[in-house]
Amino acid sequence: MRSTDRKRIYAIGDIHGCLEQLDEMMERIRQDLQARPHPDPLVICMGDYTDRGPDSKGVIDRLIDLRSGPLPLRLIKGNHDERFEAYLRDPLERATSKYHWLSDPIGGVKTLASYGVAAHVDDPAAGHAPALEAVPHAHRTFLDGLELMIRIGSYVFVHAGIRPGVPLDQQSVQDLIWIRDPFLEDPRDHGFTVVFGHTVMPQITNTGGWIGIDTGAVFGGYLSCLVLEDDRQQELGFKRLVDVEIEPIPKRPRRL
């Protein structure tokens, strides 16, 4: 029997600077709660609030506001959020790597643009001082305070997944925000269901052992919301709730 500790959980996939989609989803959640009141709702966002999309700054501003609002909100840290944090700390960290924050795969250039800062891809240090001046202290505090893992009832919420066979209290930060195949291709029963984002899938995908909810909003897909309540697993669609059926482990697109 699945359990959510008597909560109704709304888990939102990777946002990536898509403020309009975030606002639309939050309104849809409010409408669902108005139509179906619940005494203990909780919204969980799965990380990657920044990069690639048009308004990373606006997304962080909105999440800060929402966190002080009436609807409880918990926020998980994604690999893109960690890369943003790392750039602010040291612009030359991984400077020669394709995973440097300003590289094309990561997309920090658009994040800086949302703060009014021009990026210098060939000289990462050049934009560092303007970035430190433009990014509010409240945003740096926001990034530092993001959670790596949340466990509620029979669910574990993380950004990327877990290392199979490793106890939850021994999982590495690197795995929680970056892992793919060792987790995605492992069919074992962990004793809980892992809900995660990070790997883009065409729709919410439920294998029983894990549920992937990054549906590629920033790539022309959509921002998804998984609704968990007691033993029910549903997607909050545009018009109605839709059951999320269990299916075999799928072949996955590769995204960062």
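# Reading burial, cores and helix packing

User: Is glutamate 85 buried or exposed?

Analyst: Glutamate 85 is buried, with a relative accessible area of 16%. The cut-offs are simple: buried is under 20% relative accessible area, exposed is over 50%, and partly exposed lies in between (1.4 Å probe, protein chains only). This is a predicted model, in which local features need pLDDT of at least 70, side-chain atom pairs count only at pLDDT 80 or more, and totals for chains, interfaces and linings use all residues. Residues are numbered from 1 along each chain as its sequence is written, and side-chain values use heavy atoms, with hydrogens and water left out.

User: Where is glutamate 85 found, and which residues does glutamate 85 touch?

Analyst: Its place is in helix α3. Helices (H or I, at least four residues) and strands (E, at least two) are DSSP runs, numbered from the N terminus. Contact means heavy atoms within 4.5 Å. Leaving out residues up to four places away in sequence, glutamate 85 touches Lys77, Leu143 and Asp144. For a sense of scale, take glutamine 171. Glutamate 85 and glutamine 171 are 86 residues apart in sequence and 21 Å apart in space, C-alpha to C-alpha.

User: How do I read a pair of packed helices?

Analyst: Two values describe the pair: the angle between the axes and the distance between them. Axes are lines fitted to C-alpha atoms, for helices over the stretch in contact, and angles run from 0 to 180 degrees between N-to-C directions. Start with α3 and α6. They pack at an angle of about 130°, with axes 10 Å apart. α3 and α6 are therefore oblique to each other. The contact joins Asp81, Phe84, Glu85, Leu88 and Arg89 of α3 to Arg140, Leu143 and Asp144 of α6.

User: Is the crossing of α3 and α6 left-handed or right-handed?

Analyst: α3 passes α6 in a left-handed crossing. A crossing is left-handed if the near helix is turned anticlockwise from the far one by less than a right angle, and right-handed if clockwise. The crossing of α1 and α2 is right-handed.

User: At what angle do α1 and α2 pack?

Analyst: About 25°, with their axes 9 Å apart. α1 and α2 are therefore roughly parallel to each other. On the α1 side are Leu19, Leu22, Asp23, Met26 and Arg30, which meet Gly58, Val59, Arg62, Leu63 and Leu66 in α2.

User: How do α2 and α6 cross?

Analyst: Their axes come within 11 Å and cross at roughly 75°. That makes α2 roughly perpendicular to α6. Lys57, Ile60, Asp61, Leu63, Ile64 and Arg67 in α2 meet Ala138, His139 and Phe142 in α6.

User: Which residues of α6 are buried?

Analyst: In α6 (residues 137–144), the buried residues are His139, Phe142 and Leu143. They cover an arc of only 95° around the axis, so they sit on the same side of α6. The arc is taken from the directions from the helix axis to the C-beta atoms. This buried set packs against α2 (56–67), β3 (73–75) and α3 (79–89). The face turned away carries the exposed residues His137 and Asp144.

User: Which residues touch the most other members in the largest nonpolar core?

Analyst: First, the term. A nonpolar core is a set of buried Ala, Val, Leu, Ile, Met, Phe, Trp, Tyr and Cys residues joined through side-chain atoms within 4.5 Å. The largest core has 41 residues, and Ile12, Ile29, Val43, Cys45, Tyr49 and Leu63 touch the most other members. Helix α1 (residues 19–35) gives the most to this core, with six residues. A second, separate core of 17 residues includes Ile9, Ile44, Met46 and Ile150.

User: Which residues is isoleucine 12 in contact with?

Analyst: Beyond its neighbours within four places in sequence, the partners of isoleucine 12 include Met25, Met26, Ile29, Val43, Cys45, Ile213 and Leu223.

User: Where does histidine 190 lie?

Analyst: In the loop between α8 (181–184) and β6 (193–196). Histidine 190 is buried, with a relative accessible area of 16%. Apart from residues up to four places away in sequence, histidine 190 touches Ile162, Pro164, Phe183 and Gly209.

Definitions and conventions. Parallel < 35°, antiparallel > 145°, perpendicular 65-115°, else oblique.
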